[in-house]
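Here are my notes on this one, written as numbered points. Have the picture open while you read, and find each residue as it comes up.

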Amino acid sequence: MADINPTIPDTGAVEEPIDLVRLSLDERIYVKLRGDRELRGRLHAFDGHLNLVLGEVEETITIVDVNEDTNEEVIRIVKRNSDMLFVRGDGVILLSPPSRA
Amino acid sequence: MEGKPQSSSRTPSDFLNSVIGRQVLVKLNSGIDYKGVLACLDGYMNIALENTEEYVDGKLKNSYGDTFIRGNNGMISRNGVLSCRDPVTDTTFALSTVLYISAAKST
């Protein structure tokens, strides 16, 4: 759970980066992951590793196929939806709060 | 430009603290660049940026209001500062996964 610096009140001040994540609790966020994966979902919980619990998640996977004959790169977008998802923190590259999520 | 970083920037940490609030370029190991105003960072080098622009292969791909970048992916650099020197060894300091520290154009 979001138990980092629990003594700091939720004033909206961002004093360290993790505060930005805390301010996004219960909001829809955008998460960029390793392996050309992106998630959009509601942030239910996180910890200092950036392990996340997301709800109502849409996962977007970008796959680049190379046509063996023509060497053309074909980009495929695959989407999946999950009601609830646990994300291991080490896969997280970037996390952005609601504005564009 | 507000001029050169203060000569009192002795340690890498001091350096980073001294560039809070400025436009920075954050280069990830993957090669993606993020430009934005450095809001804050912590001991893991987690980074919060404001008004972030994402560049892939030098092309603007996305922009975000606020951004959290997880520390293990990154490395940081900033306008006009060429290096961050370790006062003990007088060598350029490498920050864990740093590829290099370069200068970003100020906007």
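1. Let's start with a term. A polar contact is a pair of N or O atoms within 3.5 Å; within protein, one must be able to donate a hydrogen and the other to accept it, and residues adjacent in sequence count only if both atoms are side-chain atoms. Here is one to look up: a polar contact of 2.7 Å joins the side chains of A:Glu59 and A:Arg37.

2. Some ground rules before going on. This is a predicted model, in which local features need pLDDT of at least 70 and side-chain atom pairs count only at pLDDT 80 or more, while totals for chains, interfaces and linings use all residues. Residues are numbered from 1 along each chain as its sequence is written, chains are lettered from A and ligands numbered from 1 in the order in which they are written, and side-chain values use heavy atoms, with hydrogens and water left out.

3. Back to A:Glu59. You'll find A:Glu59 in strand β3 (residues 52-66) of chain A; helices (H or I, at least four residues) and strands (E, at least two) are DSSP runs, numbered from the N terminus. Is A:Glu59 buried or exposed? A:Glu59 is buried, at a relative accessible area of 6%, where buried means under 20% relative accessible area, exposed over 50%, and partly exposed in between (1.4 Å probe, protein chains only). Leaving aside neighbours within four places in sequence, A:Glu59 is in contact (heavy atoms within 4.5 Å) with several residues, including A:Leu39, A:Val78 and A:Arg80.

4. The pair from point 1 also passes as a salt bridge, that is, a side-chain nitrogen of Lys or Arg within 4 Å of a carboxyl oxygen of Asp or Glu. In this one, the closest N and O atoms of A:Arg37 and A:Glu59 are 2.7 Å apart. A:Arg37 sits in strand β2 (residues 37-46) of chain A and A:Glu59 in strand β3 of chain A, so the pair ties together parts 22 residues apart in sequence. A:Arg37 itself is partly exposed, with a relative accessible area of 31%.

5. How many salt bridges does a search of the whole structure find over all chains? The search finds ten. One of them joins A:Lys79 and A:Glu58, with the closest N and O atoms 3.7 Å apart. That pair also links distant parts of the chain, with A:Lys79 in strand β4 (residues 73-87) of chain A and A:Glu58 in strand β3 of chain A, 21 residues apart. A:Glu58 counts as partly exposed at 26% relative accessibility.

6. The side chains of A:Asp90 and A:Arg88 meet in a salt bridge (3.1 Å, N to O); A:Asp90 is partly exposed, at 37%, and A:Arg88 is exposed, at 58% relative accessibility. Then there is a network of salt bridges linking A:Arg28, A:Arg42 and A:Glu56.

7. Now the other chain. Chain B has one helix and five strands, in the order α-β-β-β-β-β from the N terminus on. Of its 107 residues, 48% count as buried.

8. On to where the chains meet. Chain B and chain A bury about 1,700 Å² between them, 59% of it on carbon and sulfur atoms; buried area is the accessible area (1.4 Å probe) that two parts lose on being put together, summed over both. In chain B, B:Tyr64, B:Phe68 and B:Arg70 lose the most area to chain A, together 40% of what that side buries. By contacts, 21 residues of chain B touch 22 residues of chain A.

9. What holds charge across that interface? The rule finds one salt bridge there, and the side chains of B:Glu54 and A:Lys32 meet in a salt bridge at 3.7 Å, N to O. Five residue pairs between the chains are in polar contact, both residues at pLDDT 80 or more. On the side of chain B that touches chain A, β2 (33-41), β3 (47-56) and β4 (59-69) of chain B each supply at least two residues, and β4(B) gives the largest share, eight residues.

10. Most residues other than glycine have a negative phi. A:Asp26, however, has a positive phi near 65°, and lies in the loop between α1 (17-22) and β1 (28-33) of chain A. A:Asp36 has a positive phi of about 55°, in the loop between β1 and β2 of chain A.
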